[in-house]
Amino acid sequence: GKPVCECNTCYQGPDCSEFISDCAANADGGDPLFLEPFWMLHPASSALLVAGWHRMSYIFNDHTYISQVLVNHIRKVHAIAKNAVTDGKYIVFGAGSTQLINAAVFALSSENSSYPTSVVATTPYYPLYKSQTDYFETSHFEFDGDTSLFKNNSEGLDVIEFVTSPNNPDGHLRKAVLQGPSVRTVYDHAYYWPYFTALPAPVDEDVMIFTISKLTGHAGSRFGWAIIKDEDVYERMVTYMSQAEMGVSRDAQLRALKLLDVMLKDDGREIFDFGYKRMTDRWKRLNQIISLSKRFNLQEISPQYCNFLNKIREPSPAYAWLKCEREQDTNCTAVLRAANIIGREGRVFNADSHHVRLSLLRSQDDFELLLYRLNELVTREYGAY
Ligand code: PMP
């Protein structure tokens with residue numbers, strides 16, 4: 001019979017050309033499909049063909065789970081993006097940064113203390129820090145909420161602070177809130193790339209986490225890395241990875257290697273330029289619509305000097321952190337849902353329900369439909385039709 005093709009969401013009919021008129025704009029989730037068209041420009045050079053006999057072993061030739069060729073590629077990518085210092089530091093791989101977040105909690109929590117180490121973050125924060133820490137809780141660590149509760153940590157309790165910079169959901173560059181001898185800081189730099197933010201300087205912290213999910217856009221490959229200064233912490237992270245998984249899939253490492261290889265061919269110029277243009281264009285167009293509204297507001301991010309672009313640049317965050325300004329709009333997610341827009345509730349990020357997160361890094365189709373629906377909603381404020 002004839003092959004049956006799946007239409008893109010919101011389209012139907014024999015040739016998928018009919019728009020489903022009441023289709024909702026999906027701005028939920030963090031799928032980074034904005035980069036899909038870039039990879040479509042490079043189908044051959046980014047493709048992998050792996051023979052059945054290839055890479056069957058648990059280990060690489062140097063008896064580790066970590067490809068040194070890939071480590072070197074990662075160092076080069078950071079050097080060309082000018083976003084992180086890797087010299088003299090160790091690199092450990094994880095199944096996405098998701099696994100490294102938990103590995104860091106295990107590696108940095110104190111084993112000799114009579115109290116569990118407190119894991120904290122500043123609101124609004126990425127919810128996985130809490131959900132994962134709760135789920136895998138041991139007698140050595142627990143999630144203890146917002147950093148504000150630990151500012152006067154006079155008892156010197158052991159704390160691990162997660163700092164997301166730029167932050168998910170609001171795109172702000174952040175610094176650690178807590179300091180002191182008993183505080184360990186984990187910097188989640190998933191979005192510290194030219195697409196999403198100005199890069200004021202190469203970051204140089206003790207524990208930094210990155211992921212290809214938001215660099216190449218291959219979220220499904222599940223590949224991330226941590227850059228670690230201290231050898232002891234590095235060893236503990238490696239131990240976690242051996243115990244949990246015996247290292248990251250060799251196939252995922254090969255995929256990451258191929259993708260970074262394409263990026264490195266022209267010093268990343270093409271992909272960074274592509275993503276930067278796309279994201280700044282999206283933010284500009286979204287602002288044009290929301291600036292007409294009295295009912296809704298977006299987070300403000302100041303233009304800032306970017307070390308990579310060598311100029312002051314406008315913001316282009318991965319997410320809009322939208323606020324419903326009216327007192328009575330106590331459920332902003334529902335206000336948007338009624339206008340056929342699916343966002344993620346502010347409360348998920350430990351924030352109030354006047355806030356909603358809208359993803360700006362999905363496919364162009366998703367983004368255009370989001371703008372269309374927002375435009376309808378804002379126009380309605382003026383009773384214009
Ligand atoms: N950290 C942050 C701040 C994120 O937003 C995400 C994904 N949305 C992750 C980590 C996890 O990414 P992954 O496991 O795909 O690397």
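Modeller: This is a predicted model. Leaving out residues up to four places away in sequence, G275 touches F34, L35, P194 and Y195. G275 lies in helix 7.

Colleague: How far apart are G275 and F34 in sequence and in space?

Modeller: They are 241 residues apart in sequence, and their C-alpha atoms are 7.5 Å apart.

Colleague: Why does G275 count as buried?

Modeller: A residue is buried if 20 or more other C-beta atoms lie within 10 Å of its own. G275 has 25 such neighbours, so it counts as buried.

Colleague: What makes helix 7 roughly parallel to helix 9?

Modeller: The axes of helix 7 (residues 269-290) and helix 9 (residues 364-381) cross at roughly 15° and come within 9 Å. Angles under 35 degrees count as roughly parallel, and therefore helix 7 is called roughly parallel to helix 9. The contact is made by R282, R285, L286 and I289 of helix 7 with F367, L371, L374, N375 and V378 of helix 9. By type, these residues divide into 6 nonpolar, 1 polar and 2 charged. The crossing of helix 7 with helix 9 is right-handed.

Colleague: How do you know that the span of helix 5 agrees with its number of residues?

Modeller: Helix 5 (residues 231-245) has 15 residues, and at 1.5 Å a residue it should span 21 Å. The C-alpha atoms at its ends are 21 Å apart, so the two values agree.

Colleague: Which residues of helix 5 are buried, and what do they pack against?

Modeller: R236, M237, V238, Y240 and M241 are buried. The buried residues of helix 5 pack against strand 4 (90-94), helix 3 (96-108) and strand 10 (224-228). After helix 5 comes M246, with a positive phi near 50°.

Colleague: Why is R55 called partly exposed, and N310 exposed?

Modeller: R55 has 13 C-beta neighbours inside 10 Å, so it counts as partly exposed. N310 has 9, so it counts as exposed. R55 sits in the loop between helix 1 (36-40) and helix 2 (68-81), and N310 in the loop between strand 12 (304-306) and strand 13 (311-313). Neither is a glycine, yet phi is positive, about 55° for R55 and near 60° for N310.

Colleague: What is omega for the cis bond from T123 to P124?

Modeller: Omega is near -5° there. P124 is in the loop between strand 5 (117-121) and helix 4 (128-135). A cis peptide bond also joins S165 and P166, with omega about -5°.

Conventions: Residues numbered from 1 in each chain as written. Predicted model: local features only at pLDDT ≥ 70, side-chain atom pairs only at ≥ 80, totals over all residues. Helix = DSSP H or I, 4+ residues; strand = E, 2+ residues; numbered from the N terminus. Expected span 1.5 Å × (residues − 1). Buried ≥ 20, exposed ≤ 12 C-beta atoms within 10 Å, placed from the backbone. Contact = placed C-beta atoms within 7 Å. Axes fitted to C-alpha atoms, helices over the stretch in contact; angles between N-to-C directions. Parallel < 35°, antiparallel > 145°, perpendicular 65-115°, else oblique. Left-handed = near helix turned anticlockwise from the far one by under 90°. Nonpolar A, V, L, I, M, F, W, Y, C, P; charged D, E, K, R; others polar.
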